[in-house]
Amino acid sequence: MESATQPYLSVVIPMYREGNRIAETIYAIRRFLDARAITHELILVDDGSDAPTRHAAEQFSPFIHLTERRPNRGKGYAVRQGMLIARGQYLLFSDADLAVPIETISDFLKRIADRDIIIASRFLPNARVQGLTVNRRFLGRAFNAAAAVLVGMNGIKDTQCGFKLFHRAAANIVFSRQTVSGFGFDVELLVIARKHGLRVQEIPVVWTAGPQSSLRIFRDSTAMCRELLSVRRNLNRGQYT
């Protein structure tokens with residue numbers, strides 16, 4: 001962890017069975033941020049992982065904050081827990097596989113000066129994507145279309161990319177109101193952001209598929225659609241005000 005002073009950047013990573021790559025991810029993040037003298041804290045939220053994942057992360061203590069959440073509650077739940085304890089001026093959450101390379105944060109930090117939230121996109125022109133299967137691309141676009149119909153999430157090409165940067169004030173607004181615990185949480189965050197007039201910018205990125213994913217496409221797609229319906233009910237009830 002950094003000193004008691006507020007770090008410039010908090011990086012939150014949800015972990016679920018990441019033992020074979022989390023050490024490499026931590027090294028990459030710290031090496032890049034340290035080389036640029038960006039004061040930071042790294043928060044890993046262990047969402048009910050196996051012992052190898054926890055042991056791989058624990059070797060970096062006290063340079064990381066490792067939060068354990070058992071049993072497995074879902075990616076959205078894990079990200080929320082990390083973001084609510086983060087102390088940074090800016091808060092990033094990233095997938096553990098660094099499918100979007102950490103170097104991308106330099107561009108995001110430059111752009112967020114006049115925005116509240118910057119989100120990565122695989123589907124905008126100029127994005128460079130490697131290893132995204134046809135099924136995942138189709139389901140991603142189908143989910144975005146469903147989000148547009150069910151909760152009015154128009155104008156965002158890629159709600160689900162796991163690399164999003166928040167100004168601290170914006171993070172406080174959206175994560176304090178988040179209710180979705182699964183993979184559909186990204187849409188809920190953006191719905192809340194729009195409800196509060198936050199300025200969101202979508203940026204094309206380089207994205208490379210990792211060797212494994214905790215996303216079970218058909219099972220989790222069904223759950224995500226149920227979560228969209230939950231977000232719609234919350235909107236109708238005025239829950240996000």
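A residue is called buried when its relative accessible area is under 20%. In this predicted model, helix α3, residues 75-85, is mostly covered by that criterion, with 8 of its 11 residues buried. The buried positions of α3 are Lys 75, Gly 76, Tyr 77, Ala 78, Val 79, Gln 81, Gly 82 and Met 83.

Strand β7, residues 163-167, is largely enclosed by the rest of the structure, because 4 of its 5 residues are buried. Two pairings of β7 were examined. Strand β4, residues 90-94, runs antiparallel to β7 and is joined to β7 by 5 bridges; within this pairing, Tyr 90 has His 167 of β7 as its bridge partner. Strand β5, residues 117-121, is also antiparallel to β7, with 3 bridges between the two. Here Ile 118 is placed opposite Leu 165 of β7.

The whole structure contains 6 aromatic pairs. In one of them, the ring centres of Phe 93 and Phe 166 are 6.2 Å apart and the ring planes lie at 25 degrees, so the pair is classed as stacked. Phe 93 belongs to strand β4 and Phe 166 to strand β7, and the two residues are 73 residues apart, so that distant parts of the chain are linked. Phe 93 and Phe 166 are both buried. A further pair is formed by Phe 108 and Phe 163, with ring centres 5.4 Å apart and planes at 75 degrees, and is therefore edge-to-face. Since Phe 108 is in helix α4, residues 105-111, and Phe 163 is in strand β7, this pair ties together parts separated by 55 residues in sequence. Phe 108 and Phe 163 are likewise buried. One aromatic cluster is made up of Phe 93, Phe 166, Phe 175 and Phe 185.

Two arginine residues were found over aromatic rings. Arg 122 lies over the face of Trp 207, 5.4 Å from the ring centre. Arg 141 is placed over the face of Phe 123, at 4.4 Å from the ring centre.

The search of the whole structure returned 0 disulfides. Cys 161 takes part in no disulfide, and the nearest cysteine sulfur to it, that of Cys 225, is 19 Å away. A disulfide requires two cysteine sulfur atoms within 2.5 Å. Cys 161 is buried, with a relative accessible area of 1%, whereas Cys 225 is partly exposed, at a relative accessible area of 36%.

Terms used:
Residues numbered from 1 in each chain as written. Predicted model: local features only at pLDDT ≥ 70, side-chain atom pairs only at ≥ 80, totals over all residues. Heavy atoms only, no water. Buried < 20%, exposed > 50% of the residue type's maximum accessible area, 1.4 Å probe, protein only. Pairing = 2+ DSSP bridges. Phe/Tyr/Trp six-rings, centres within 6.5 Å; stacked < 30°, edge-to-face > 60°. Lys NZ or Arg CZ within 6 Å of the ring centre and 35° of its normal.
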